[in-house]
Amino acid sequence: MNELWRLDATKIAALVKSRQVSAHDVATAALERLSAVNPSINAVVDIRPEDVLAQAGRIDAAIAHGEEAGALAGVPVTVKVNVDQRGYATTNGATLQKDLLAADNSPVVDSLLEAGAMLLGRTNTPAFSYRWFTNNRLHGHTKNPHDPTLTPGGSSGGAAAAVASGIGSLAHGTDIAGSIRYPAYACGIHGLRPSPGRVAAYNASSPERDIVGQITAVSGPLARSIDDLRVALKALSRRDARDPWWTPAPLTGPEVARRAALCLDPGKIGTCEPIRAKLRDAARHLEAAGWIVEEVGDLPPLREAAELQTRLWIGEGYEAKLAAAEKEGDPGAFAVLRGHQALGRSTTPACYSQALTRRATLIRQWQLFMETYPVVLLPVSADLPFEDDLDLKGQAAFERVWEAQIPQIGVPFLGLPGLSVFTGLTGRSPTGVQLLAPRFREDLCLAAGAVIEAAFGPPSVVDPAGN
């Protein structure tokens with residue numbers, strides 16, 4: 001099978017564990033695909049083929065000895081450059097961190113390895129993972145495989161572009177304001193942001209996470225099938241004592257009514273008509289599968305949640321962040337911080353306690369709403385995937401980008417899981433919808449997502465479009 005790279009993770013693992021193919025075969029095919037397409041999209045920025053083949057050899061040897069190979073046996077997976085992987089630099093897309101070599105693995109990396117995955121390479125991110133665009137001075141510019149004039153998303157833009165173009169069946173990403181869900185949307189795949197506390201995470205290279213990192217930042221998977229997301233989530237949910245916020249919540253919760261709220265324009269963001277049409281189609285498909293879907297004019301406060309999330313994220317240590325961006329000289333990072341200068345400089349210590357107090361109230365409102373509607377169907381973004389580097393094209397463009405992303409930014413502040421599901425193309429532009437569920441009910445997002453995937457068809461591997 002010379003196109004093993006086309007297969008989903010669950011299929012590859014089944015073939016490897018049954019010894020129909022070897023992990024070495026899969027690794028060879030993955031490396032060949034990477035060599036063929038990565039030069040045109042620059043998704044993977046740290047590649048060590050000898051390391052990949054060595055991992056494959058260990059997996060094949062374990063299977064030959066009758067050892068348990070893991071749910072992701074032989075599956076090629078990429079890892080984002082902002083988490084620790086032993087012997088690799090945790091660059092976070094910044095020249096300032098190009099020599100920050102990790103002495104040990106993050107729990108995320110250990111979880112993937114324990115599940116039998118092969119770590120194929122490290123994926124690109126914007127400097128400091130600030131943007132919904134993926135470009136930096138250290139690793140260069142990542143392109144959208146569907147259309148190089150569009151953003152691949154960010155900050156897990158390299159991860160999404162890799163999966164979409166067949167470089168690995170799964171990718172690791174992180175999400176603090178849409179950094180898994182938006183790249184999945186922009187590159188035409190699926191992306192799951194788990195609930196905070198679901199996936200253990202810790203970087204010894206930067207051990208003290210900031211307030212917003214402790215509360216809302218999570219790692220999660222990107223994939224070309226809902227089944228793959230489900231398997232990856234289980235693998236990533238392994239306990240690790242290094243993360244004090246990890247919670248032993250079950251992956252499947254009690255039965256609830258199959259009822260969803262459809263909101264076309266949350267927070268009055270001005271959702272474009274192509275996305276409204278996809279949301280209506282997704283709702284009809286859910287209804288055909290037995291769900292009750294009710295359209296609502298708006299949701300519990302989402303715009304306010306987004307504003308508070310931005311304040312915590314950008315405002316905490318604002319002057320230090322700004323100084324680092326100036327030293328880095330990255331125009332994208334500088335644009336984000338300068339664009340929020342008034343907010344950053346007005347964030348006082350008292351703002352944190354006020355924001356966290358208000359957070360409890362907003363979460364309570366959402367929990368009560370979700371007693372009636374256990375799933376919410378809403379846009380990922382108000383717009384189709386942006387023109388690349390749109391946020392650098394003036395203040396009006398910058399503000400348009402942030403306004404369109406409110407459905408992503410607000411979700412982490414509320415502690416909810418979110419799933420971006422591919423819904424086909426509009427021209428060359430991918431489209432998608434977002435699903436939310438109560439905390440630790442990723443299973444509800446995935447159940448609804450599976451219905452939508454069955455209706456629209458799963459994402460297919462794409463050959464990168466020409467520049």
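Q: What makes R33 count as sitting over the ring of W5?
A: The charged end of R33 is 3.9 Å from the centre of the W5 ring. The rule asks for NZ of Lys or CZ of Arg within 6 Å of the ring centre and within 35 degrees of the ring normal, so R33 over W5 gets the label.

Q: Which ring does R359 lie over?
A: That's F413: R359 lies over its face, at 5.9 Å from the ring centre.

Q: What kind of model is behind these values?
A: A predicted one, where local features need pLDDT of at least 70, side-chain atom pairs count only at pLDDT 80 or more, and totals for chains, interfaces and linings use all residues. Residues are numbered from 1 along each chain as its sequence is written, and side-chain values use heavy atoms, with hydrogens and water left out.

Q: How many aromatic pairs does the structure hold?
A: There are 10. Rings of Phe, Tyr and Trp (its six-membered ring) pair if their centres lie within 6.5 Å; planes under 30 degrees apart are stacked, over 60 edge-to-face, and the rest tilted.

Q: Why is the pair of Y130 and W313 called edge-to-face?
A: The ring centres are 6.5 Å apart and the planes meet at 70°, so edge-to-face it is. The two residues come from distant parts of the chain, 183 residues apart: Y130 is in the loop between β3 and β4 (135-136), and W313 is in helix α10 (residues 303-315). Helices (H or I, at least four residues) and strands (E, at least two) are DSSP runs, numbered from the N terminus.

Q: Why is the pair of F398 and W402 tilted?
A: Its planes are at 35° and its centres 5.9 Å apart, so the pair falls in the tilted class. F398 and W402 are 4 residues apart in helix α15 (residues 395-404), which means about one helical turn between them.

Q: How do you know whether F398 and W402 are buried or exposed?
A: Buried means under 20% relative accessible area, exposed over 50%, and partly exposed in between (1.4 Å probe, protein chains only). F398 has 4% relative accessibility, so F398 is buried; W402, at 9%, counts as buried too. Y130 and W313 are also both buried.

Q: Which residues form one aromatic cluster?
A: F128, Y130, W132, W313, F398 and W402.

Q: What makes a space a cavity, and how many cavities of 30 Å³ or more are there?
A: On a 1 Å grid over the protein atoms alone, a cavity is a set of points where a 1.4 Å probe fits but cannot get out; a pocket is an open set with protein on both sides within 12 Å along at least five of seven lines, and lining residues have an atom within 4 Å of a point. The search of the whole structure finds 2 such cavities.

Q: What lines the largest cavity?
A: Among the lining residues are D46, R48, Y88, L119 and R122. β3 (118-123) gives the largest share, 4 residues.

Q: Which residues line the second largest cavity?
A: V77, L112, L170, A171, H172, P221, A232 and L236. β6 (170-175) gives the most, with 3 residues.

Q: How big is the second largest pocket?
A: Its volume is about 300 Å³, and 17 residues line it, with Q55, R58, L113, A117 and L119 nearest its centre.

Technical notes. Grid points are joined across faces, edges and corners, and a volume is the space filled by probe spheres set on the points.
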